Each structure stands twice: as C-alpha cells, then as structure tokens.
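Colleague: I am new to this structure. Please walk me through the terms as we go.

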Amino acid sequence: MRRARPGRLRPDTALGTTPYAPWPVRDAPAAWGLARSVVPTGSGPVVVHHRPGPDPVLLLHGVAGSWTTWTPLLAAAGGIGDRGLVLVDLPGWGSSPEPSTPFTVDDGVRVLVEVLDALAVGSVDVVGHSMGAFVGLHLAVVAPDRVRSLGLVSGTTTATVRAARHPWRALVSLPAFTLLRAGLLVTGRSARRILRATARTGLLPVLAAPVFAHVRRLDPSVLDAFVEEFRPGRFTAAARDAAHHDVERWSAVACPVAAVLGRGDVFARVTDLDDLRRLVPGARTAVLEDCGHFAHVEHPEAVAAFLGLVAAQG
C-alpha cells in the first residue's frame, strides 16, 4: 500500500463526553416504523429493514453486527426524524444467509446497489460501522451517484489493511485484530461455539473487554447481540479481502465525508483519520475519548450529533 503524501493536516475534533452506552440493542423494527423484506440479489437473498421517507439514510453494520446494532443510534437520534431508512443485513450476517461463493467488498457494493434499486431508492446518506465503513467507502468510489454523503463510525480502514497484509508487523500496530484473526484461523468453525460457551459461563465480559471501553456498564442486550451476530468465517474472509484492497482508490471519493472513532479502539487507530484526511482532503474527523470500537453503541448521542443526524430530525 502506497502511503498517502505527508503534509500539514488539521487536527481531529475532540468530541465532548456523553452518557456511556445509554441505550439497549433492540430487535423491534416497529419502534422505528421499519418494514422487513427479503431482496433477491446476485449473492443470495438479503434481509432489509426499510422505511420510506425523504433524504434516506443507509446504515451498514460491521463485524459482529446486524441491523439491530444501529438501534442505540436510532434511539439517540429520535429515529432520525421522518427521513427514510435502509438497514441491510449483508450476506452472511444477521438474518441474511451465507453466500454460496466467497464474498468480497465488490460483491457488497453490488448487493447494496441491487437493494437500493429494488426499493426504488436513488441516492442515500451512508453511515457505516467498522467493516460497513469500508464497504461504504468503496460504494462511494464505485457508485458515486448513489452516495450523497458518507459517515464512517469506528471504521476499519488503513491500519486494518496494513495488518491484513503484514500480520507479524501488526502484532505491534494492531495486536487485537491480529490475535483475533490468528485465533479464528486456529479454532475455525468451533469459534462461535466457544464464544457462546464463554457467554454461558459468565466470562464473556472478560473476552469482550478489549472491544468496549467499559464492558461491565453495557446493557446485557449489547453483549447478547455481540455473541449472536459474530461470524468467525465472515471475519476471516473480510480480513483476507481487505489485504488486497487498494486504499488509494478512496481519493476518488467526491461526496462529503465525516469519520469518528474511539481513542481506545483496538481495531482501528487514530492515525487512520490522518490517512483519511490525506486521501480525502475535505473529510471531517473526530475522536471520542472513553470509547472503544462500537462508537455508535458506546456514545450514540455524540456520534449522531457529529454526523448531523440529530439536526436532521423533522
């Protein structure tokens, strides 16, 4: 990966403190006026929760996530007013079945375009978490006419690509990601069973502690969702695909971009925001103190405000 050109960069915005993880994760689509549908795509059927409305927002989950992972943000943002919503369970995640062939970020973009076409939705404001931020960036490159703006929440971007390419070096730069990937390669299909067994014994907070700033302050629904939505095979496949991605393509992103991540994120680095500002000079960036990898769950009010979702309420 060619390094972005060095230069004088404006600093990240430091976001103020907000209540930590004040909202549970809820599987309650009716609370947000969402209708569930299944959209056939070239990668298999995809489960979508959708609400028609103006200026629609597309929410893309990350690893160990599904559409429900966004419900704390929806609560903090008052359901994002009367705006349209599209929440997709990407193939192999949430309630969407695994694709029959290896799934790449290019496949993810094709699926999203097929979903938007099926819903007769034109352009959207995209907000992606972790892997979803990665997919969102690629969507803005490949299908720029479908992306009005891009919000990246705890995005796994340049540091993850470097770690996926050079795992030995990443033991220093991104150790949690590297050790998790190595552990999943060893445990294989049994990894999810081990995770569930850990939850039953009450040791899950110990295992999940690196991911969240204050794991024992989380509503139980957050860790329950973490266990239910984690897909070891999908994680290793996504890491493998990331190793081959050319991040220089992100310099073609022309829409407004805002990115926020936690100071304590173990799957991303604050230096990722430096890289992003070099590649996309107009990007706004912010860092949340007292925050791990799930910024939209740990500090949903701050994230919603930074991304302009609260202000957009009707």
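Modeller: Start with the naming of elements: helices (H or I, at least four residues) and strands (E, at least two) are DSSP runs, numbered from the N terminus. This is a predicted model, in which local features need pLDDT of at least 70, side-chain atom pairs count only at pLDDT 80 or more, and totals for chains, interfaces and linings use all residues. Residues are numbered from 1 along each chain as its sequence is written, and side-chain values use heavy atoms, with hydrogens and water left out.

Colleague: Where is D55 placed?

Modeller: D55 sits in the loop between β3 and β4. Its phi is positive, about 45°, although D55 is not a glycine. Most residues other than glycine have a negative phi.

Colleague: Why does D55 count as partly exposed?

Modeller: Buried means under 20% relative accessible area, exposed over 50%, and partly exposed in between (1.4 Å probe, protein chains only). D55 has 46% relative accessibility, so it counts as partly exposed.

Colleague: What makes β4 and β5 a pair?

Modeller: Strand β4 (residues 57-60) and strand β5 (residues 85-89) share four bridges, in the parallel sense. V57 has L85 in β5 as its bridge partner.

Colleague: Which residues touch the most other members of the largest nonpolar core?

Modeller: A nonpolar core is a set of buried Ala, Val, Leu, Ile, Met, Phe, Trp, Tyr and Cys residues joined through side-chain atoms within 4.5 Å. The largest one has 65 residues, and L58, V88, V115, F212 and V257 touch the most other members. Helix α3 (residues 131-142) gives the largest share of this core, eight residues. Another core, of 28 residues, lies apart from it and includes V57, L74, F306 and L307.

Colleague: What does F212 touch?

Modeller: Contact means heavy atoms within 4.5 Å. Not counting residues up to four places away in sequence, F212 touches Y20, L218, V222, L223, G292, F294 and E298.

Definitions and conventions
Pairing = 2+ DSSP bridges.
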